[in-house]
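Hi there,

Here is the structure I promised to pass on to you. Please open it alongside this email, and then read on for what turned up.

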Amino acid sequence: MSLLIKNGRVVTATDDFVGDVFIDGEKVHTLGKNLAMKADRTIDASNRLVIPGSIDPHVHMELPFGGTVSSDDFKTGTIAAAFGGTTSIIDFAIQYKGKTFQQTLDDWDAKAEGKCAIDYSYHLAVTEFEPRHAPEFKKVVDRGITTFKIFLAYPGVFMIDDQTMFRVMQSAGEAGGMTLVHAENGVAIQQMIDMLIAQGKVEPKYHAQSRPPVMQADGVARALRVGAFAKSPVFIVHVSCEASMNEIVRSRDEGHASFGETCTQYLFLDETCYDKPNFEGAKYVFTPPLVPKENIEPLWKGLKLGYLQEVSTDHCPFNFKGQKELGRGDFRKIPNGGPGVEDRLSLVYHGGVVERGFSLNKWVDICCTASAKMFGMFPRKGTIAPGSDADIVIFDHNRERTLSAKSHHMNCDYSLFEGMKIKGLPETVLSRGKVIIEDNQYKGRAGEGQFIKRGACAQM
Ligand code: URP
Ligand code: ZN
Ligand code: ZN
């Protein structure tokens, strides 16, 4: 099957021209003006942007967490992602106590295989790393998993100690990989949580009060210093505040391979969401929590100037009814996480390009290309070039619409961005040459998404 996309404005992280893209099977074959090739199908992309399929490198499908399971599985979550112009996701395979790395990845394979609408991979989240685990590390890398995740939060659940942090970082670096860190001071935060509960402070807003920016920045600084000590690249996930971003900038300035992402929720929402009545603040209980509004512009600026490399969602949805409600009367029991995988590309277009004058190249970079490079998928993913996978989004940048749970495809009964008016819609989406979203319908088959074997991580 061949496909010709004609007359679109083709934008990658570096290029921008009006022309055609010829796709042969699963791969991009040729780019140019007025291509004369005959194709099985031609799509007119006039007045549309033609960009690489976007990548969300931080999602949690079907994650058992907080006494329940995140409400999107690999099928519903990847279909929703496809509607939003995301053609690759990276989930987190989390090692449960007593499991080897291989068993952990096998468990995640069992959850994902045969279900995904788009291509997928996982970071391996290490919670135990004893010397007996060391020989397995290379096997994980050989399996195409080159990124490792550690938690400096959630004591008693996922949190690791500094010895484990050092071991993971050193092994990841030696293998050409990278360590992703959920960075907070989990121990001090736990003390604050206990104090708040003892004082009867149980509403959702106390989740935010228990883990303020200063405790995130503390975790970030520690992780980056241990990374420098281990001579290994470190990537800080879900940076929500300026103080943490500044730690990354300082560390880079000192010459270390230190990187970070932020997420859509931190670019648009602030801590006042916790004041919503009728327990609705629980919808915004994720970790790290929303922070004071003054942080929003610095995060956008950080993306523009390259202090942060990309935007993910940390998609980890729980329905309000029956799941978030578990924490009525005790914020500790509200499952941590929110929905987002469907809205990222459009939100960053709206907030970045429309509202703040980001270049189209920058938008593509932070939504598509940087993640492909940093997480070992470039140039197969993240660009439109001869030989790259034909993951392509035809984006109607003039379409105005309103985000709502009524129209989204995520398996979640609320939207973090309910009622927000934005510009931009991923109109047609291709996954490896096949049209999977068209006319506001999913045209693919769950299970067509393939595991992406990733390689060494680029240092940006
Ligand atoms: O609240 C969140 N972010 N839930 C998912 C797990 C994590 O910390 O990323
Ligand atoms: Zn996290
Ligand atoms: Zn996460």
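By class, how many nonpolar, polar and charged residues does the shell around ligand 1 have? There are 4 nonpolar, 7 polar and 1 charged. Please keep in mind that this is a predicted model.

The residues around ligand 1 include the histidines His58, His60, His182 and His238.

In the side chain of Tyr154, an N or O atom is 2.6 Å from an oxygen atom of ligand 1. Thr287 uses its backbone instead: a polar atom there is 2.8 Å from a ligand oxygen. For His60, a polar side-chain atom lies 3.2 Å from an oxygen atom of ligand 1. On its own, ligand 1 has 270 Å² of accessible area, and the protein covers 99% of that. The space that ligand 1 takes up is the largest cavity.

Which residues coordinate the zinc ion that is ligand 2? They are His182, through ND1, and His238, through NE2, at 2.1 Å. This zinc ion has 4 donor atoms, with angles of 57 to 152° among them, and its site is irregular.

The zinc ion that is ligand 3 has three residues as its protein donors: His58 (NE2), His60 (NE2) and Asp314 (OD).

Why is the arrangement around ligand 3 called tetrahedral? Because the 4 donor atoms around this zinc ion subtend angles of 85 to 135°. For reference, the ideal angle for four tetrahedral donors at a metal is 109.5 degrees.

Finally, look at the two metals together: the zinc ion of ligand 2 and the zinc ion of ligand 3 are separated by 3.8 Å.

Best wishes

Methods: Residues are numbered from 1 along each chain as its sequence is written. Chains are lettered from A and ligands numbered from 1 in the order in which they are written. This is a predicted model: local features need pLDDT of at least 70, side-chain atom pairs count only at pLDDT 80 or more; totals for chains, interfaces and linings use all residues. Side-chain values use heavy atoms; hydrogens and water are left out. A residue is near a molecule or strand if one of its heavy atoms lies within 4 Å of it. A polar contact is a pair of N or O atoms within 3.5 Å; within protein, one must be able to donate a hydrogen and the other to accept it, and residues adjacent in sequence count only if both atoms are side-chain atoms. Accessible areas come from the Shrake-Rupley method with a 1.4 Å probe; for residues, only the protein chains shown count as cover. On a 1 Å grid over the protein atoms alone, a cavity is a set of points where a 1.4 Å probe fits but cannot get out, and a pocket is an open set with protein on both sides within 12 Å along at least five of seven lines; lining residues have an atom within 4 Å of a point. A molecule sits in a cavity or pocket if more than half of its atoms lie within 2 Å of its grid points. Ala, Val, Leu, Ile, Met, Phe, Trp, Tyr, Cys and Pro count as nonpolar, Asp, Glu, Lys and Arg as charged, and the others, Gly among them, as polar. Donors are N, O and S atoms within 2.8 Å of the metal (3.2 Å for Na, K and Ca); water is not among the atoms, so sites may look incomplete. Four donors count as tetrahedral if all angles lie between 85 and 135 degrees; four count as square planar and six as octahedral if opposite donors are over 155 degrees apart and all others between 65 and 115; anything else is irregular.
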